Amino acid sequence: MTKKTAIVTGITGQDGSYLSELLLQSNYTVIACRRRSSTNNLERVTHLLDDPNFILTEFDLTDPSGVYQTIQKYQPDEFYNLAAQSHVGTSFKQPSTTFEINTVGVTNILEGIRHYSPHTKLYQASTSEMFGRNYSTETDGKRYQNEKTEMLPQSPYGIAKLAAHNMVEIYRSGYNLFACCGILFNHESPRRGENFVTQKIVKWIKDYIASGKSPDFPKLKLGNLAAHRDWGHAKDYVRAMWMMLQQETPKDYVIATGETHSVQEFLDLAFKSVQLNPEDHVEIDPDLFRPAEVEYLCGDPTFANNDLGWNPQVSFEGLIQDMLGS
Ligand code: NAP
Ligand code: G4F
């Protein structure tokens, strides 16, 4: 296999760490971009730091000159933009920062590629959150979202990502760049950040058990348990990102399992698998409800199945077991 170079942003996060592993296994040189931080946040990639093909670089999406210089210096075959302010709840508290990183930051990359490395293929991390409150309905009543479903985002995060999604489309059609977006539904793993609901639940369970099931252990505080999400495993989803950039032409794809579950179902199954009852330990906290909510997500991945040959390998139950480490 010929050696390729890929720039990957967001390598300190969940997807960036799994994608870096996949690319290194596939004989790539990975230009691993992280923003400067005063504390060490490399725990998800510690095992990659000694690999000579994993080249750590400082990079902030909001600084155009740094973005341009990195692209000009490495002229990569592929660029995977996984960096973002990725928490929907936080986007209501920091809407401008969210827009600066998730939209202006993507524009910086597009401009950098256009001017300094137009052969580079770009993957942009779009999201099911862009669908917001909208879904399509099949004749049998099944509700789902796919590439044709109209997007009506319900959060500053969703709006910022949709603006970036549209920006990618303009650069693809207007400047003939190979730029595409994966519309990924929720995906989790043992490396998921602790402020997302699945990991918050799993971490509470592990900490409670480690406490010896102390009666003084604080309750698990959660918000909306009725929301539905289509949850897959991050390892499956980074494989789809790579597959999208190996195509002849750039296209956007929905990446999802096609199954949906409520937060309550995730909670019940995780607690049940360690013989605990959520009713004894969970408290609903009104402060954790969002000003606007996406109540229902269920992706239809037919296009990715047929066109990319992509299929998820990990089930909902398998995901929970992997996160619990059992
Ligand atoms: P994550 O774990 O929160 O990682 C986000 C990464 O972005 C972190 O490495 C973070 O670095 C970096 N970052 C934030 N602001 C930056 C900036 N200004 N400059 C450079 N880097 C910056 O997110 P993830 O779950 O891996 O998701 C990867 C991407 O897919 C994100 O764009 C997310 O919005 C999108 N997405 C995720 C899902 C999902 O379910 N996981 C679904 C659809 C789309 P620090 O460590 O410095 O904070
Ligand atoms: O785990 P979440 O914070 O994920 P959310 O909002 O769906 O966003 C994730 O998936 C998107 C793809 O659809 C990504 F684009 C985005 O970057 C991120 O990875 O919340 C899931 C659901 C929501 O309905 C939320 O209201 O869980 C509900 N929830 C209930 N209690 C909670 C909590 N969410 C969080 N984070 N914390 C709670 O205590």
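**Charges, a helix and salt bridges**

Modeller: D280 sits in the loop between α8 (263-272) and β15 (282-284). Please keep in mind that this is a predicted model.

Colleague: Is D280 buried, partly exposed or exposed?
Modeller: Its relative accessible area is 47%. Buried means under 20% and exposed means over 50%, with partly exposed in between. Since 47% falls in that middle range, D280 is partly exposed.

Colleague: Which residues gather with D280 in a patch on the surface?
Modeller: The patch is one of negative charge, and Asp and Glu count as negative. Besides D280, its members are E265, D268 and E279.

Colleague: Let's turn to α1. What span is expected for this helix at 1.5 Å a residue?
Modeller: Helix α1 covers residues 14-25, which makes twelve residues. In the model it reaches 17 Å from its first C-alpha to its last. That is close to the expected value, 16 Å.

Colleague: How many of the residues of α1 are buried?
Modeller: The buried residues include Q14, Y18 and L22. Helix α1 is mostly covered. Of its twelve residues, the number buried is eleven.

Colleague: Which residue just after α1 takes a positive phi?
Modeller: Look just past the end of the helix. The phi there is about 70°, and the residue is N27.

Colleague: Now the salt bridges. Which residue meets the side chain of D252 in a salt bridge?
Modeller: D252 lies in the loop between α7 (234-245) and β13 (253-255), while its partner is in helix α5 (residues 156-175), so the pair ties together parts that are 80 residues apart in sequence. The N to O distance is 2.9 Å, and the partner is R172.

Colleague: How far apart are the closest N and O atoms of R192 and E188?
Modeller: These two form a salt bridge. R192 is buried, with a relative accessible area of 14%, and E188 counts as buried at 1%. Their closest N and O atoms are apart by 2.7 Å.

Colleague: In which helix do D207 and K203 both lie?
Modeller: D207 forms a salt bridge with K203. Both are partly exposed, D207 at 31% relative accessibility and K203 at 31%. They are four residues apart, about one turn of the helix, and that helix is α6.

Conventions
Residues are numbered from 1 along each chain as its sequence is written. Chains are lettered from A and ligands numbered from 1 in the order in which they are written. Side-chain values use heavy atoms; hydrogens and water are left out. Patches are made of residues with over 30% relative accessible area and no salt bridge: like charges are joined within 9 Å, nonpolar side chains (Val, Leu, Ile, Met, Phe, Trp, Tyr) within 5 Å. Accessible areas come from the Shrake-Rupley method with a 1.4 Å probe; for residues, only the protein chains shown count as cover. A salt bridge is a side-chain nitrogen of Lys or Arg within 4 Å of a carboxyl oxygen of Asp or Glu. The place of a charge is taken as NZ of Lys, CZ of Arg, CG of Asp or CD of Glu. Helices (H or I, at least four residues) and strands (E, at least two) are DSSP runs, numbered from the N terminus. Buried means under 20% relative accessible area, exposed over 50%, partly exposed in between (1.4 Å probe, protein chains only). The expected span of a helix is 1.5 Å times one less than its number of residues.
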